[in-house]
Amino acid sequence: RSYMTFIGQRGLEILKKHGFRPIGPFVVDVGKWSEVTYLFRFDSLAERERLITEFSAQQEALEYADSINVLTEDISTRVLVP
């Protein structure tokens, strides 16, 4: 649950500060395995790309990435289109 602690105490704060609009967490637990899903709302793909590019240039992006990489085994990124 260290991931949930980080994301709840610092991770979401970082993302929201940089304009991301997360929804979740959606958590699935099966035996010893669990998956946490967050959805991010964007008005357009252009907004998504802009936010990611701007965030990637910030020092906080390194803090976020370092923390997430230590606390997770796998991260999947997908674009959901209605």
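A salt bridge here is a side-chain nitrogen of Lys or Arg within 4 Å of a carboxyl oxygen of Asp or Glu. Both residues sit in helix α2, 4 residues apart, about one turn of the helix. E54 is partly exposed at 42% relative accessible area, and R50 is partly exposed too, at 41%. For these labels, buried means under 20% relative accessible area, exposed means over 50%, and partly exposed is in between (1.4 Å probe, protein chains only).

A quick word on where this comes from. You're looking at a predicted model, where local features need pLDDT of at least 70 and side-chain atom pairs count only at pLDDT 80 or more, while totals for chains, interfaces and linings use all residues. Residues are numbered from 1 along each chain as its sequence is written, and side-chain values use heavy atoms, leaving out hydrogens and water.

Now step back to the whole chain. It has 3 helices and 2 strands, and they follow the pattern α-β-β-α-α along the sequence. These elements are DSSP runs numbered from the N terminus, helices being H or I with at least four residues and strands being E with at least two. The C-alpha atoms fill a box of roughly 40 × 35 × 20 Å along the principal axes. Of the 82 residues, 23% count as buried.

Back to helix α2, residues 45-56. Which residues of α2 are buried? They are E47, R48, L51 and F55. Seen down the axis of α2, these buried residues fall within an arc of 105°, so they line one face of the helix. The buried residues pack against α1 (2-17) and α3 (59-71), where contact means heavy atoms within 4.5 Å. On the face turned away from that buried side you'll find the exposed residues L45, A46, T53 and S56.

Salt bridges turn up elsewhere too, and the count comes to 8. One of them joins E60 and K17, with the closest N and O atoms 3.2 Å apart. E60 lies in helix α3 and K17 in helix α1, so this pair ties together parts that are 43 residues apart in sequence. E60 counts as buried at 14% relative accessibility, whereas K17 counts as exposed at 59%. Another bridge pairs D43 with R21, the closest N and O atoms being 3.5 Å apart. This pair also links distant parts of the chain, 22 residues apart: D43 is in the loop between β2 (33-40) and α2, and R21 is in the loop between α1 and β1 (22-30). D43 is exposed at 68%, while R21 is partly exposed at 26%.

Finally, the surface. I23, F26, L39 and L80 make a nonpolar patch of about 360 Å². L80 is found in the segment after α3 and is exposed, with a relative accessible area of 65%. Patches are built from residues with over 30% relative accessible area and no salt bridge, joining like charges within 9 Å and nonpolar side chains (Val, Leu, Ile, Met, Phe, Trp, Tyr) within 5 Å. Accessible areas come from the Shrake-Rupley method with a 1.4 Å probe, and for residues only the protein chains shown count as cover.

Terms used:
Arc of directions from axis to C-beta.
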